[in-house]
Amino acid sequence: MRDLSIRVHGARERLLRSVSLAVAAGEVHGLVGESGAGKSMIGKAILGILPRAVEVVAGQILLDGTDLLTLPPTERRRRIGASCALIPQDPLTALNPSRRIAPQITDRLVDILGWDRAKADARALALLGEVQIADPARVLRAYPHELSGGMRQRILIASAFAAEPKLIVADEPTTALDVTVQKQILRLIAGLQARQRTALLFVTHDLGVVSKVCQRLSVLYAGHVVEDTDVRRFFASPRHAYSRALLAATPKYTDPESSLIPVPDAVIEAVRAEVASADRSWHG
Amino acid sequence: MDKLYEVRDLRLSLADLTAKPLLGPAPRIEILKGLSFDVPRGAIIGIVGGSGSGKSTLGRALVRLLEPSGGSIRFADTDITHLNAASLRPLRRRFQMIFQDPMSALNPRHRVGTIIGNPLALHGIDNIASRVAEALDHVGLPRLLARRYPHELSGGQRQRVGIARAIALMPEFILADEIVSGLDVSTQAQVLQLLERLVADLGLTLAFISHDLSVIRRLCQRVIVLHQGQIVEEAATADLFAAPQSAYTRDLLDAIPLPDPDQIWV
Amino acid sequence: MADRIGDGRGQVRRRAGARLWLSAVWLGLLVLGALLAPWIAPKDPLAQDLFLGRLPPFWLAGAEPGYWLGTDSLGRDVASRILHGARVALTVALVAGSVTCVIGATLGLLAGVLRGWVDLVISRLIDIWMAFPPILFSILLIAVLGPGLWSIIIAIVVIDWTRFARVIRAEAMAQGAMDYVASAEVAGRGLASTMWAEILPNVLPTIVVLLTLEMGIAVIVEAILSFVNLSISTDDPTWGGMIAEGRTSIHQAWWVLVFPLFTLFLTVLAFSQLGEGLKDHYDPVLR
């Protein structure tokens, strides 16, 4: 992604301010920020599912060297459908409650990728096994409401990895889950990602999770990239004041006195000033 | 030490309406299966567990939003287990609750001042306007927010209004039910800092329900770990983290992703 | 983000303002006209004059001064009849609408908030009641009670209260599950007080919309009943009756059908828009 800026039609403020980030093949890149920072928007921009009220005003989204934004809409959808996938945040609403599980996995493979039904069914069965669902045949025949949140998330993960996409956008996939279930799910995602060498854009607000699954990360504030660096360097010593403040605010039970510290007003002021000056130089 | 709450063999079951036969009562699901613990006056205790552990149910039982099916709850030497609404009323100003979801916890059609002031009016307290202003001061919100509606406030501000409402009555005990779970990391830190200060300033006893052990580490002196409706461990915070006794507690601790790439985890 | 909300809010507010005022004005005029009909109607609505039959409205050739909207086949002034017809229509609308609302909303609120056996009884009652085919039910009622204004009102109330009860019950259930209700309980508020002060304000917008909708429906039901001659028994003009009569002379005197029909349409539309406008006007989110 190069210098991507998006905003609501007719609004003055940009939702994403010249965001640049790069995800190499097989790499896991974390996107961190508070709510409203724009992390979900980045994922949606890549997948071409931005809300209708939002428009791209500048920048490029390059997938394997081709700028998706310059392609005609049908071609763009085809490319994205063929090589990208999404692991959504909320397992409750991401599955259609009135259809069984099996078609929800296989339809995409059959309709968009042109597989034949038998091959898709076999793949779905195999995948559910890979995400460690016991009795996958029964689950395939079940309806979403019959399954737990953790199981639904596994199905969504299986679905995303089904066609061996080049890039997966994981939008806060474990935010709604218990901490023990989160660990299992993260293990799963990491395992599948490593095996298929998928590039993964991992959106989250939890720095703890980032330190476990990501190799690089970008910190966002109000749609502006504040820091973009590799994970080891970040946690050893974050460069930007805002990043340091976020880290200090993150709960660490091994060091309770130095965690859960609110972000100082001075730091917020400073980063807001940074954003404002970025706005000024953009229009200028 | 003065015990504010004494809970003995607390049991609570709720009707499972999805399995109700056509005629006759619905089968009951046991949620709390015999809990016993004390809450000393002035303590901050953490109640932790996964979803389905019964922690929210326990919280609601403590403030008598739910009636226990067995066992007893004593609040300041009064048995409140089966008191009816009328008998509970005078006691209610002594124990209050802060809710998880500030969107649904504040009536969208009432102004903030009304939301905080209603409990005061209910208990016949005068000087409502000044008490409301005081409560807003305590939680660090500008006084003029009283004229606003909840939807005009941010999530963090709404949560503070919920806290202001709870402290306005000057209760002895407050139950905080996952009040920082939906919040940003920095807002969470602010709210917790606020809570720490209020407990010290107002001499409150606090029961803090959470699924996040890290938050509990910072805030609470004692921890109760719930699993499937039973207490699997109860200890002073430092002891629990240093040497967890139960397997479930160890699982919980192991599952927490610390922001440290060197932690052996995945 | 703020801009996006601002745009939407502005649009809705502009629409709500226009909608509210236009419908309020129309209904206000209608009410005024209905109240003052005996004094301001240009002619006697019942006076027949066969020599002045089928006069066109004032802008067409052959019109007589004083008969602004023309006359019907019996020489009766259309404008005066419409004005007098409004008395019946509005009486039915306001009385039937309000009574239906009060009964239905109260039962719905009780069922939704109290749950348990109260909800069980009320819900079963609604289900059974709704199983009766409404048109037949109303005709049966009127046959038993005899034609007349009160019969129509009773018929509408008896049939339509279930509409309110169902919807309000759902709303009340949703609101009752909210944490602010639990918070009121923790503060020590009694159940009745909670229903009135906490839940009702949140259910009120739906009630208002349904109420005005019901008023519109009441007007139409009355028109249908007078169309089939099951309405009031006297010769007093009703819009439905006028439409029925106008049907036969539609080719020679279209105005006898069109004007009451148009008035009926505008009135029902005004009621529905009034409801939406009021709901939006009092919604704190849009203020």
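**Helix α4 of chain B and its setting**

Reply: Helix α4 of chain B, residues 112–122, is mostly covered, with 8 of its 11 residues buried. The model is a predicted one, and the account that follows should be read accordingly.

The buried residues of α4(B) begin with the pair B:Val112 and B:Gly113, and they continue with B:Ile115, B:Ile116, B:Gly117, B:Asn118, B:Pro119 and B:Leu120. As a general point, an α-helix has 3.6 residues a turn, so residues three or four places apart point the same way. The cover over the buried residues of α4(B) comes from both chains: it includes α5 (128–138) and α6 (155–168) of chain B, together with α6 (179–187) of chain C. After α4(B) comes B:Gly124, which has a positive phi, near 70°.

The contact between the chains deserves a description of its own. Chain B contributes 22 residues to it and chain C contributes 16 residues. On the side of chain B that touches chain C, at least two residues each are supplied by α2 (85–92), β6 (95–98), α3 (102–105) and α4. By class, that side of chain B consists of 11 nonpolar, 6 polar and 5 charged residues.

Of the 287 residues in chain C, 43% are buried. Among the contacts in chain C between residues at least 6 apart in sequence, 71% join residues at least 24 apart.

Chain B, for its part, also contains a sheet. Four strands form this open sheet in the order β2-β1-β4-β5, with antiparallel pairing. Strands β2 (28–40) and β5 (78–79) of chain B stand at the edges with a single partner strand each, so one side of each is left without a neighbour in the sheet. Strand β1 (residues 3–15) of chain B is joined to β2(B) by 10 bridges, and the two run antiparallel. Within this pairing, B:Leu14 has B:Ile29 of β2(B) as its bridge partner. Helix α1 (residues 55–62) of chain B packs on the sheet, where it touches β1, β2 and β4 (70–75) of chain B, and its direction makes about 60° with that of β2(B).

To return to the helix in question, α4(B) is mostly covered, and elements of chain B and chain C are both included in what covers its buried residues.

Technical notes. Residues numbered from 1 in each chain as written. Chains lettered and ligands numbered in written order. Predicted model: local features only at pLDDT ≥ 70, side-chain atom pairs only at ≥ 80, totals over all residues. Buried ≥ 20, exposed ≤ 12 C-beta atoms within 10 Å, placed from the backbone. Contact = placed C-beta atoms within 7 Å. Nonpolar A, V, L, I, M, F, W, Y, C, P; charged D, E, K, R; others polar. Pairing = 2+ DSSP bridges. Axes fitted to C-alpha atoms, helices over the stretch in contact; angles between N-to-C directions.
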